Amino acid sequence: MALTLTTAQAEKPNIVFVLCDDLGYGDIHCLNPERGKIPTPGVDRLAKEGMVFTDAHSGSSVCTPTRYGLMTGRYSWRTRLQSGVVQGFAPCLIAPDRPTVASFLKEQGYQTAIIGKWHLNFQYQDPQSSETLTRKGNRGGLPPVGSKIPDGPLAHGFDFYHGFHHAGDMKAVIENDEVILHEDEINMLPRLTREAVGYIDERAKTPGTPFFLYVPFGSPHSPIVPTKEWQGRSGLGKYGDFVMQTDDGFAQILSALDRNGLTENTLVVFSTDNGCSKAAGIPALQKQGHFPSADFRGSKADIWDGGHHVPFVVRWPGKVAAGSTCDQTLCLTDLFATCAELTEQPLPAGAAEDSVSFLPALKGEPIVSTRSGVIHHSISGHFAYRMGKWKLCLAKASGGWTAPKEKHAPEGSPVAQLYDMEADPGETNNLYTAHPEVAQRLLKQMEMDIERGRSTAGTDLKNDVDNIILWKSGK
């Protein structure tokens, strides 16, 4: 039964968005009960009390571009980042004048915080000379304690930041705009959990002021470092243990909301940035009966769904029906437009050009979209287009790390792949040569979405680069 949201009910709820790192769809037990062996009671609780989206996708099958899309409502391939991820010690990928979800909500009276992994680049400055630092010459390649950050989260709408840049720099702990200490990576997940819980406790002291808390955990991405109390708990090795510890961190966030009486007026979203990484030891996990990608093909970095088909669970008591599911397609770029509709404010001009509100789905209604389809992107920049049940991949193989890789595609492979995702969610039957008219229709729409600088209705905009190469493996 569809639930209705009155103006009073929908008035500025708190928003908590937890984004895991390299967590597979099948790593959540309630989403993969037959082929998932890792207990995840925290997320399972959220699913029982809220809504599971069964067809949600990250904006990319790797980290940085997904996070850019989540923050800006815009696909990352519209920027200079056409493949791969950023490495830090460089200007932020988000342009200084581009609105973010955080800056937008801040304008609506929200307190905004990010506790976790940024991975969108920022610079470091020497605290005495203000000279911009480079990685070369710094001990262990880390920014020195005391380094200042001029273009980090605080420059893009966040009031508070505690965390790190990316896995390679995880030892450098940052608070607001300064590196505050260096410590072992094994301490980061407990640190982020503690900080997130503490932030909720602190915000509870000022009722009436809504908050947006973005918690991008760095786990279970490598280094896979469960703490001693979690080692051996899963019976599946370090990766299973780390997933369990990550789920427990999320459960502690839910408990903090409960303890402070904030559960009823808080919209909680749980997701991940892409599929499970090869670093998890996928073959060994599968031998033990655990399939991190569930029934989807591939994993992190791939254009196949295992690379970007992600868990997406939403809870908002009294507004979202408990134990419900939604099979409508969405993308993590959709957070921005959802926040705009939630606060009954228009989107900023020239922003969130690939974002569609999923708020109607929370009420059990169809998503009203001017976007024809969702664009997928792999680590190597291979494109795919999803429209309805059809998915067109402009790649001969995985477009990522899973065999066969592009250069090892079998002799005579078609230049592209077309799948009926309703009949064949595992992408086993390539229909590209059987349905050329469908492939052409999807290709034409994808080309239009790219060329217009946006995939939603509105004034045409410009991409940051003029030449976006669609066919990476030959046309």
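Visitor: Where does P223 lie?
Guide: In this predicted model, P223 lies in the loop between strand 8 and helix 5.

Visitor: What is the peptide bond from S222 to P223, cis or trans?
Guide: The bond from S222 to P223 is cis, and its omega is near 0 degrees. A cis bond also leads from S219 to P220, with omega near 5 degrees. P220 is located in strand 8.

Visitor: Which residue other than glycine has a positive phi, near 50 degrees?
Guide: That is A352. A352 sits in the loop between helix 7 and helix 8 (359–362). With a relative accessible area of 2%, A352 is buried.

Visitor: And what is the phi of H119?
Guide: H119 is not a glycine, yet its phi is positive, at about 55 degrees. The loop between strand 4 and strand 5 holds H119. Its relative accessibility is 5%, so H119 counts as buried.

Visitor: Turning to aromatics, how many pairs does a search of the whole structure find?
Guide: The search finds 18 aromatic pairs. One of them joins Y25 and F296: the ring centres are 5.3 Å apart and the planes stand at 80 degrees, so this pair is edge-to-face.

Visitor: Which parts of the chain does that pair link?
Guide: It links distant parts, 271 residues apart. Y25 belongs to the loop between strand 1 (14–21) and helix 1 (41–49), while F296 belongs to the loop between helix 6 (282–287) and strand 10 (309–310). Y25 and F296 are both buried.

Visitor: What about F160 and Y199, stacked or edge-to-face?
Guide: Their planes are at 15 degrees, under the 30-degree limit for stacking, so the pair is stacked, with ring centres 6.3 Å apart. This pair also links distant parts of the chain, with F160 in strand 5 (residues 160–164) and Y199 in helix 4 (residues 188–203), 39 residues apart. F160 and Y199 are buried.

Visitor: Which residues form one aromatic cluster?
Guide: The cluster is formed by F17, F53, W118, F158, F212, Y214, F312 and F358.

Visitor: Where do the charged ends of R233 and R297 sit?
Guide: The charged end of R233 is placed over the ring of W230, 4.1 Å from the ring centre. For R297, the charged end is over the ring of W304, at 3.6 Å from the centre.

Visitor: Another arginine, then: is R78 buried or exposed?
Guide: R78 has 0% relative accessibility, so it counts as buried. R78 is found in the loop between helix 2 (63–72) and helix 3 (101–107).

Visitor: What does the side chain of R78 join in a polar contact?
Guide: It joins the side chain of D354, at 2.9 Å. A polar atom of the R78 side chain also lies 2.9 Å from the backbone oxygen of D449. Beyond four places in sequence, the residues touched by R78 include I450, G453, R454, S455 and N463.

Visitor: Why is helix 2 described as largely enclosed by the rest of the structure?
Guide: The reason is that 10 of the 10 residues of helix 2 are buried. Those residues pack against strand 1, helix 3, strand 4 (111–117), strand 8 (211–220) and helix 7 (335–342). After helix 2 comes G73, with a positive phi near 70 degrees.

Visitor: How do helix 4 and helix 5 lie, roughly parallel or oblique?
Guide: Their axes cross at roughly 10 degrees and come within 9 Å; helix 4 and helix 5 are therefore roughly parallel. Among the residues that meet are L189, P190 and T193 in helix 4, and F242, Q245 and T246 in helix 5.

Visitor: And at what angle do helix 1 and helix 5 pack?
Guide: The angle is about 50 degrees, and the axes are 7 Å apart. Helix 1 and helix 5 are therefore oblique to each other. The meeting residues include P41, G42 and V43 in helix 1, with D247, F250 and A251 in helix 5.

Visitor: Lastly, what is G381 in contact with?
Guide: Leaving aside neighbours within four places in sequence, G381 contacts Q82, S83 and K472. G381 is located in the loop between strand 14 (374–377) and strand 15 (383–387), and is buried, with a relative accessible area of 0%.

Technical notes: Residues numbered from 1 in each chain as written. Heavy atoms only, no water. Phe/Tyr/Trp six-rings, centres within 6.5 Å; stacked < 30°, edge-to-face > 60°. Helix = DSSP H or I, 4+ residues; strand = E, 2+ residues; numbered from the N terminus. Buried < 20%, exposed > 50% of the residue type's maximum accessible area, 1.4 Å probe, protein only. Lys NZ or Arg CZ within 6 Å of the ring centre and 35° of its normal. Polar contact = N/O pair within 3.5 Å; in protein donor to acceptor, adjacent residues only side chain to side chain. Contact = heavy atoms within 4.5 Å. Axes fitted to C-alpha atoms, helices over the stretch in contact; angles between N-to-C directions. Parallel < 35°, antiparallel > 145°, perpendicular 65-115°, else oblique.
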